[in-house]
Amino acid sequence: MIIFLLLIIVVLLGIIIFQVKAKKKHNATIQYMHRKLQAIINEQTHEKILVTTTNQEIRQLLIAMNALLDHNQKVLATHQKMESSMKKMLANISHDLKTPLTVVLGYIEMLQLKNSISEEERQRLLTGVHSKTMEVLKIIHTFFDLAKLEAGDTDYPMTKINISEICRKNILSFYDMVTSMGLEIEIVIPEISLYALGNEEALDRALNNLLSNAIAYGADGNVIGLSVRSDDTNIYIDVWDRGKGIDEYHIDNVFERMYTLEDSRNKSFQGSGLGLTITKRLVEIMDGSIQLSSIPYEKTIFTISLKRMMY
């Protein structure tokens, strides 16, 4: 009997010792996790909390904490990218506004300082003031257009739209400009009407931006084109040129805010750097996508893809 009681006591002591050790290990693991988490937050590193444990509750907690850390790191990276982009955008907008405003001030000073000025000269200066003022307004309107798009403060209801008709209308609106510049124009649009889910105003603006971009940057290729093609599920609109093209290094950046292509294409052309960003947002509003491919002096193609409607 005494031996049996001793065995029970030994077993109980073993259990107590095991529980004490397990609790110490558990507490040490929790303390380590706490210290590691504090270090990751304070130092803003991209580390994860790695602990080998058989405790199911701690494992579940680790999985949740690492998922939260991963989400937080992605949010921080996005925030930093947006902050950098906004700083660059504001700097570029300030530069773009400064140039025409400086010219306007110069014209005004000439009007003020010249005692005797011919009516012809006065009209020339006033025309210059008007032109540069309109340039400033265009930059401001473009900036606010993007701000409204990104804030979701726009109304582009989705309906059934005739892609063939919209594309013909847009390319024809540029026909006189293109031919006056001595450029060839190639149009490949099916005679049958192709319909997609979208918004006509949004698509008009997107095509206007892409065609303007092709003329501005691809004129040295002497030809621009627009083609429409389709498959069972999508309609594709290609706007292309045979200009200098876009280096592979720049392709991933062309849709970013304030990214202008003067480094990779036509250096004599300075855009606002918002046109392609706005175009991408407009296409995304229509649940579509836009892609870019470029082979210098062969073909640079912007492709809009929209969901086809068969009924």
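**Salt bridges, helices and a surface patch**

By salt bridge I mean a side-chain nitrogen of Lys or Arg within 4 Å of a carboxyl oxygen of Asp or Glu. This is a predicted model: local features need pLDDT of at least 70, side-chain atom pairs count only at pLDDT 80 or more, and totals for chains, interfaces and linings use all residues. Residues are numbered from 1 along each chain as its sequence is written, and side-chain values use heavy atoms, leaving out hydrogens and water.

Back to the pair. Glu121 and Arg124 both sit in helix H3, three residues apart, about one turn of the helix. Helices (H or I, at least four residues) and strands (E, at least two) are DSSP runs, numbered from the N terminus. Arg124 is partly exposed, at 44% relative accessible area. Buried means under 20% relative accessible area, exposed means over 50%, and partly exposed is in between, with a 1.4 Å probe and protein chains only.

Why can such pairs form? Side chains of opposite charge can pair when their charged atoms come close.

How many salt bridges does a search of the whole structure find? Seven. Here is another: the side chains of Lys169 and Asp204 meet at 3.1 Å, N to O. This pair links distant parts of the chain, with Lys169 in helix H4 (residues 163-173) and Asp204 in helix H6, 35 residues apart. Lys169 is partly exposed at 40%. Asp204, at 19% relative accessibility, counts as buried.

Next, Arg229 forms a salt bridge with Asp238, and their closest N and O atoms are 2.7 Å apart. Arg229 is partly exposed at 40%, while Asp238 is buried at 7%. There is also a network: salt bridges that share partners join Lys169, Glu200 and Asp204.

Now H4 itself. Its buried residues include Ile163, Ile166, Cys167 and Ile171. Seen down the axis of H4, the buried residues fall within an arc of 165 degrees, so they line one face of the helix. That arc is taken over the directions from the helix axis to the C-beta atoms. The face turned away from the buried side carries the exposed residues Glu165, Leu172 and Ser173. At the start of H4, a side-chain oxygen of Asn162 reaches to within 3.2 Å of the backbone nitrogen of Ser164.

On to H8, residues 275-285. Leu276, Thr277, Ile278, Thr279, Leu282 and Val283 are buried there. What covers them? The cover includes helix H3 (119-151), helix H6 (200-218), strand S6 (289-295) and strand S7 (299-309). Just after H8, Asp287 takes a positive phi of about 60 degrees.

Phe144 lies in H3 and is partly exposed, at 47%. Together, Met134, Leu137, Ile140 and Phe144 make a nonpolar surface patch of about 340 Å². Patch residues have over 30% relative accessible area and no salt bridge; like charges are joined within 9 Å, and nonpolar side chains (Val, Leu, Ile, Met, Phe, Trp, Tyr) within 5 Å.

Last, the whole protein. It has eight helices and seven strands. Of its 311 residues, 36% are buried. Contact means heavy atoms within 4.5 Å. Among contacts between residues at least 6 apart in sequence, 68% join residues at least 24 apart. The protein exposes about 19500 Å², and carbon and sulfur atoms supply 58% of that. Accessible areas come from the Shrake-Rupley method with a 1.4 Å probe; for residues, only the protein chains shown count as cover.

Notes
A polar contact is a pair of N or O atoms within 3.5 Å; within protein, one must be able to donate a hydrogen and the other to accept it, and residues adjacent in sequence count only if both atoms are side-chain atoms.
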